[in-house]
Amino acid sequence: MPTNDTILVTGGAGFIGSNFVLTWLRAIGSPVINLDALSYAGNPANLSSLDNDARYLFVRGDICDAELVGSLLREHKPRAIVHFAAESHVDRSISSPEAFIRTNVQGTFVLLEQAKMYWSKLDEAGRSAFRFLHVSTDEVYGSLGPDDPAFSETTAYAPNSPYAASKAASDHLARAYHHTFGLPVLTTNCSNNYGPFQFPEKLIPLMILNALEGKPLPVYGDGKNVRDWLFVEDHCSAIRTVLGNGRVGHTYNIGGNSERANLDVVTTICDLVDEMRPAAPGAPPRRKLITFVEDRPGHDRRYAIDASKLSRELGWRPAEVFESGLQKTVRWYLENPAWIESVRTGAYREWIRQNYSERVEL
Ligand code: NAD
Ligand code: DAU
């Protein structure tokens, strides 16, 4: 049974997935099937520019639905699965962990099992060409002290939040399906992404919108937690690179070489918003809106990524530096008020109330 050039993407209506589908069609151009359940984080409007594009097919469905996944594989015979679908917000995993176990662990298991059944029936050429790329996170490695070396592919797993634990479990399943069954799995572990289409529950879009609207900017704890930031299109180019040339069964760390303390990220956003959308006359600069609030329980102090394996073996490097990427991102949110209104539903407002209204100010 020959495979074709089609790829199956899961979670392609979310933040990274939709950027991946758009950039894939620009850079590679082969057909994409997007399987997405449209949870609160999924937004088909992210891909409305593809409405008349014959290379793109959207299927609304759940990755936990084995029958649906199996029938999509048999019908479309993709040459790869790129698996983004997940529950992705750490704060939600603290207040409601169950959905994380279902989608991230059970859903990944269903995909791997269906992929194994499909792959094992391909002819030899199809089997050797097929890839299952599992998209994961640096959070599986836990938290670093200020002078610790960055996470490498051999760093021991030590996930701290229910989200990170569920992603770690899915990474282990992906690894096991390669080791035991020979399924051609690739895993990527990436640092914090930012850019267009990110749901405004995450730090950067939340701060841009609150700054724009003159609302408090809730920084958890002392604001000195450090994250490594990568522009989303650079993550997408890294995934294309690993999918094209990564060694089967290997893990690749992806990062932006841009460690920043949260407080520095937020003050930079304030200054960019002041510059691009000056506050009303007499109104204070946006930095004055910064409010320190009760910390996230179990808050990881620092993440840093050593992406030297990916650059050494496959020649990948990010195109964007943090300052230019952040400027593009702030501009995108300023220029897309209709998108912002479309995602700020009642359920979104309820989440904001739940996560912030009872957090004491420090
Ligand atoms: P997101 O929350 O924006 O999008 C997740 C998508 O998955 C949504 O479209 C949602 O509808 C879909 N989905 C959820 N449950 C589903 C289910 N049961 N079946 C089918 N679809 C379902 O997430 P994101 O930020 O785009 O992250 C994508 C992936 O990248 C995740 O696996 C995440 O762990 C990983 N990752 C994210 C970051 C980051 O900074 N955002 C960094 C590294 C890795
Ligand atoms: O490292 C990769 C991970 O990055 C991904 O796997 C996750 O899917 C993604 O959500 C992200 O996790 P973080 O928890 O690092 O991202 P978040 O945007 O939620 O928070 C970034 C930092 O900002 C973190 O230290 C918590 C802090 N923060 C966050 C919010 C929402 C605040 O100080 N205030 C806030 O209101």
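Predicted model: local features only at pLDDT ≥ 70, side-chain atom pairs only at ≥ 80, totals over all residues.

Residues are numbered from 1 along each chain as its sequence is written, chains are lettered from A and ligands numbered from 1 in the order in which they are written, and side-chain values use heavy atoms, with hydrogens and water left out.

Ligand 1 has 28 residues around it, counted when a heavy atom lies within 4 Å. Ile16, Asp36, Ser88, Tyr163 and Lys167 come nearest. Some polar contacts (pairs of N or O atoms within 3.5 Å) look like this:

| Residue | Protein side | Ligand 1 atom | Distance |
|---|---|---|---|
| Asp36 | side-chain N or O | oxygen | 2.6 Å |
| Ala37 | polar backbone atom | nitrogen | 3.1 Å |
| Tyr163 | polar side-chain atom | oxygen | 2.6 Å |

The protein covers 96% of the 840 Å² of accessible area that ligand 1 has on its own (Shrake-Rupley method, 1.4 Å probe). β5 (131-137) is among the elements that give two or more residues to the shell, and β5 gives the most, with three.

Now the sheet. β7, β9 and β11 form an open, mixed sheet in that order; strands are DSSP runs of E, at least two residues long, and two of them pair if DSSP finds at least two bridges. β7 (192-194) and β11 (259-261) are the edge strands. β7 runs parallel to β9 (residues 226-231) over three bridges, with Tyr194 opposite Phe231.

Definitions and conventions. Helix = DSSP H or I, 4+ residues; strand = E, 2+ residues; numbered from the N terminus. Polar contact = N/O pair within 3.5 Å; in protein donor to acceptor, adjacent residues only side chain to side chain.
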